[in-house]
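Let's take a walk through this structure together, from its core out to a few individual residues. Have the coordinates open and follow along.

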Amino acid sequence: MTTDAFLADCRARLAFDLLGNTWNSVVLWALRHGPRRPGELRAAIGGISAKVLTQTLRRLEFNGLVTRCAYGGSPPRVEYRLTPLGRTLLDPIEAFGAWAHVHGDEVMAAQERAEGTGG
């Protein structure tokens, strides 16, 4: 694939969009060990509102990356789990996380330099 084809490939853009949304990757990573209820996800993730989590889970479900499982009972409960397609994103997410661990200080230093020069 040439560079121009890569930039023009809407499937590549789709992949970047899926991983570019912070909460998508975080929620997928939080589901890597098995199904979780929304409250469990919020507790594991931290810093995400119920509304944003719901929007993220719906977006991931729409894209075929998670499955919503509703169970009857009193009270009824819902769990989310990764689909096989969703599992295929765990390696790229882990690679991005490893890159951030190695290079995060460099990025933050560059941001601080840019802020110190007025932009």
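## The strand pair

Two strands count as paired if DSSP finds at least two bridges between them. In this predicted model, strand β1 (residues 66-71) meets that condition with β2, as six bridges join the two strands, which run antiparallel. Together β1 and β2 make a hairpin, with five residues between them. Have a look at Gly73 in the turn, whose phi is positive at about 115 degrees.

Leaving aside residues up to four places away in sequence, Val66 touches Leu28, Leu31, Leu57, Leu60, Glu61, Tyr80, Arg81, Leu82 and Thr83.

## The nonpolar core

Val66 also leads us into the largest nonpolar core, which has 20 residues. Which of its members touch the most others? They are Val27, Leu28, Leu31, Leu41 and Val66. Two or more residues of this core come from each of α2 (10-20), α3 (22-30), α4 (38-45), α5 (50-62), β2 (77-82) and α7 (90-116).

## Helix α3

What lies buried in α3? The buried residues of this helix are Asn24, Ser25, Val27, Leu28 and Ala30. They pack against α2, α4, α5, β1, β2 and α7. A helix has 3.6 residues a turn, so residues three or four places apart point the same way.

Thr83 sits in the loop between β2 and α6 (84-87). Is this residue buried or exposed? Thr83 counts as buried because its relative accessibility is 12%, under the 20% cut-off.

The side chain of Thr83 has a polar atom 3.0 Å from the backbone nitrogen of Gly86. Again not counting residues up to four places away in sequence, Thr83 touches Gly64, Leu65, Val66 and Thr67.

## Glu40 in helix α4

Our last stop is Glu40, which belongs to helix α4. With a relative accessibility of 43%, Glu40 counts as partly exposed, because that value falls between the 20% and 50% cut-offs.

The side chain of Glu40 reaches the backbone nitrogen of Arg37 at 2.8 Å. How far is Glu40 from Ala30, C-alpha to C-alpha? The two residues are 10 apart along the chain, and their C-alpha atoms are separated by 9.5 Å.

Terms used:
Residues numbered from 1 in each chain as written. Predicted model: local features only at pLDDT ≥ 70, side-chain atom pairs only at ≥ 80, totals over all residues. Heavy atoms only, no water. Core = buried A, V, L, I, M, F, W, Y, C linked by side-chain atoms within 4.5 Å. Buried < 20%, exposed > 50% of the residue type's maximum accessible area, 1.4 Å probe, protein only. Helix = DSSP H or I, 4+ residues; strand = E, 2+ residues; numbered from the N terminus. Contact = heavy atoms within 4.5 Å. Polar contact = N/O pair within 3.5 Å; in protein donor to acceptor, adjacent residues only side chain to side chain.
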